[in-house]
Amino acid sequence: MRRVLQTAMPYLLLLIGSVSISSPALSTDKTTNQLTVEKVAGVFQEQNRLIMLWSVDCPPCYQELAMLERLLLSYPDLPITLISTDDDSERYEEVEEQYQRLDGNTLTAWVFADGMAPQLRYAIDKTWSGVLPRSYIVKAGSRVGHSGVLKEKEVRKLFKLPEN
Amino acid sequence: MNDMQRYFSRQLKTVGTVIFFLVVALAECTASTVISPTARVTTCENPSIACAKTVTATVSPTGRILFAWTVDDYLYVNYTDDRGKTLSRPIKVNETPEKIAARGEKRPNIAADSTGNIYVSWIKKLPQKWTSDIRFSWLKVGEINFASPITINDDAEPAGHSFNEMMVSDVGEVTMVWLDSRHSRAAKKRGEPYVGSSIYWATMNPASLTGSPKIKNTPYVNGNCVCCRLALTNIETDSEIDSETETGGRSPVVMWRHIFGDNIRDHALGVLGEPLQRVSFEQWQVDGCPHHGPSISAQNKRIHMSWFNDAPNASGLFYAYTDNLGETVSPALHFSERADSPGHPSLITGGDGKLKLAWQTFDGAQFSIHIMTSSRGDQWSDARIVAQFTGQTDYPFLLPHPDGDLLLWHKPGHALTLYDVSTYGKERYGKTQQEVIQ
C-alpha cells in the first residue's frame with residue numbers, strides 16, 4: 001500500500017492544485033447516479049482519483065465514511081468518488097441519507113444499479129471478492145486496489161495533506 | 001392432516017428435464033400454467049415464492065421439503081412432498097408486518113422435527129441502524145396458524161442480532177446461534193475499543209413455552225467477524241442419551257469467521273460453550289467485511305468444513321475436515337481459485353451418507369453451480385457444472401434428501417427450481433479423484 005501511495009502522490013498533488021472537478025454534486029434524485037456496467041469504464045477513466053466502495057451493510061465502511069466526512073470539512077475538493085454497492089432499490093434511501101451528509105463537497109457519488117452487484121463487481125475488478133470497504137487509486141491509466149478501511153493518515157499522505 | 005395439506009392438492013405441476021439432471025419448477029402465482037425451468041413470472045398478485053428475493057429450505061425426516069421466504073414484510077412457509085412437482089399453498093407466519101431481513105446471507109431459517117412440527121426464525125430490522133431482533137415462531141402439527149412470534153434475544157437495549165442459524169432435534173429441542181453486538185455497542189458507549197462482534201446462543205423447547213417467555217441467552221465467544229454467516233450442525237458425542245428428555249448423544253457445533261491477532265480473518269470451530277479451535281490458516285488480513293461465511297456438515301464424528309478466503313497467496317474456496325473438533329485439521333483442499341469469482345460453498349452429508357459440495361462461480365455474465373462429491377472427504381470427484389444462469393440469482397443450497405439429494409437455486413422473479421443432483425454422485429464418484437492437497 002505504501003508503495004502505491006508513493007507512486008500516486010505526484011499525480012494527486014497535481015490534481016489537487018490545478019484541476020477543478022467537473023463531476024456533479026450529489027443528487028437527491030435516486031435514479032440519476034445508478035452505476036451500470038456500461039458506465040464503469042467512464043467512472044474509472046477519470047485519472048488521479050481515489051475511488052471508495054462501501055455498503056450500508058458494512059459497519060467498517062462507516063468508519064471510513066466518518067473519517068472522510070471529517071476530512072472533507074477542511075478539504076471539500078478532494079478528488080474522491082464514492083460508490084455504494086447496495087444494488088437494491090429498497091436500500092437507496094439509506095444510501096442517499098449517507099450521501100446527504102456529504103453534500104456540498106465535490107465528490108462524485110454512485111450506487112450500484114438494482115440487482116447488478118455481481119456484474120458490477122466483475123466489471124470493476126474481476127479479482128475483487130466483494131470485501132468492503134474497497135478502494136482504488138486510479139492513475140496513469142491503471143488502478144491499484146486496496147481492501148479494508150483506509151486510515152485517515154493514509155488518505156492524508158495520499159493527498160499530501162498536513163498530518164492532523 | 002392440516003390446512004397446508006388440504007391446500008396442497010389445489011396446487012400445481014410442472015416438471016422439466018435438462019441435460020444432466022431433472023429440474024422441477026413451479027410458480028404458485030401462475031399455478032395452472034406449465035412453466036419452463038427458467039420461466040419468468042410476470043405478475044406477483046398473490047404471495048409467491050417466485051417473487052421472493054431469497055428462499056431457504058429444509059428437509060424433514062420424512063422427506064418433506066419446506067421453504068421459508070419473504071414478500072412485503074411477511075414471512076411465508078410452504079412445502080412439497082413430491083420433490084417439487086407440486087407446492088402447498090403458503091401459510092403466513094407473522095400476522096403483523098415486520099421488516100424482515102431477506103437478502104444475501106441475512107435470511108429466514110426453517111427446520112422441522114420428526115413429528116412434523118415446523119420452526120422458523122428470522123431477523124426483524126429495527127429503526128436504528130444495525131439494530132435488529134432474532135424472531136421465532138413454530139407451527140405445531142395439526143394446527144392451522146403459526147404461534148405468535150417471540151423475540152429470542154434477551155437484551156433490553158437495541159443492538160444488532162443477525163446471521164441467525166437454527167437447528168431442531170427430532171424431539172423438538174431448538175438450538176439457535178447468532179451474531180450479537182450488545183457487547184460492542186456497550187463498549188462503544190463507554191468509549192472503549194472492541195474488536196468485531198459476539199456470538200450468542202440459546203436452546204429451548206417451544207412446546208414448553210407459555211405466554212411471552214424470556215429465552216435465556218448464553219454468550220459464546222467475542223471477537224468474531226461482523227458480517228459473515230455462521231454455520232451450525234450437531235455431532236455425535238460420547239455423552240449418554242437421557243432416557244426421559246431424549247437429549248444428549250449429540251452436541252451443537254458452530255463454525256464462523258473469527259478475527260485472530262491483527263485482523264487475520266480465518267475461521268474457528270467449537271462446540272457451543274466450549275473453547276474455540278482455529279481451523280483455517282490462509283492468513284487473510286483485512287480490516288473490513290468479507291461477506292463470505294463458511295459451511296459445515298457432520299458425518300458421524302467427522303466435521304467437514306468449507307470456506308472462502310482471499311489472502312494474497314491463498315484466495316478462493318477451501319475444504320478440510322476434522323475428527324476431533326478442530327484440535328487437528330486435515331490439509332486444506334483449495335478447490336476453486338479467485339479467478340473464477342467463487343463463493344457460497346454449500347456442504348452436506350447427503351441422503352446416501354456421502355458428501356456433496358456445491359458452490360457458485362461467475363464469469364461476468366453467467367453464474368455456474370459446480371458440484372463435487374466424496375465418501376469421507378479424503379478424496380473428491382472432479383467438479384462438474386450442474387446449472388448455469390444469466391441474471392439475478394439467490395445462493396445455491398444443497399438439500400440432503402432420503403430419495404436423492406437436491407439443489408435449491410432460486411432466481412428471483414422466476415419459478416422455483418430444484419435440481420436433482422442425486423445421480424451425479426453415484427455416476428461420477430471414483431472416476432476422477434483429486435488428492436486432498438496442502
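The following exercises, with worked solutions, concern a predicted model.

**Exercise 1.** Determine the order of the strands in the six-stranded open sheet of chain A, and state which strands stand at its edges.

*Solution.* Step 1: The strands of chain A follow one another as β1-β4-β3-β2-β5-β6, with mixed pairing. Step 2: β1 (34-35) and β6 (142-147) of chain A each have a single partner strand, so one side of each lacks a neighbour in the sheet; these two strands stand at the edges. Step 3: The pairing of β6(A) with β5 (residues 134-139) of chain A is antiparallel and comprises six bridges. Within this pair, Ser135(A) stands opposite His146(A) of β6(A).

**Exercise 2.** Describe how helix α3 (residues 59-74) of chain A is placed, and what its buried residues pack against.

*Solution.* Step 1: α3(A) lies across β2 and β3 of chain A and runs at about 140° to β2(A). Step 2: The buried residues of α3(A) include Leu65(A), Leu68(A) and Leu72(A). Step 3: In an α-helix there are 3.6 residues a turn, so residues three or four places apart point the same way. Step 4: The buried residues of α3(A) pack against β2 (49-54), β3 (80-84), α4 (92-101) and α6 (152-158) of chain A.

**Exercise 3.** Is Thr131(B) buried or exposed?

*Solution.* Step 1: Thr131(B) is located in the loop that joins β8 (118-125) to β9 (132-139) in chain B. Step 2: The relative accessible area of Thr131(B) is 3%. Step 3: Buried means under 20%, and Thr131(B) is therefore buried. Step 4: Leaving aside neighbours within four places in sequence, the contacts of Thr131(B) include Leu126(B), Pro158(B) and Arg185(B).

Methods: Residues numbered from 1 in each chain as written. Chains lettered and ligands numbered in written order. Predicted model: local features only at pLDDT ≥ 70, side-chain atom pairs only at ≥ 80, totals over all residues. Heavy atoms only, no water. Buried < 20%, exposed > 50% of the residue type's maximum accessible area, 1.4 Å probe, protein only. Helix = DSSP H or I, 4+ residues; strand = E, 2+ residues; numbered from the N terminus. Contact = heavy atoms within 4.5 Å. Pairing = 2+ DSSP bridges. Axes fitted to C-alpha atoms, helices over the stretch in contact; angles between N-to-C directions.
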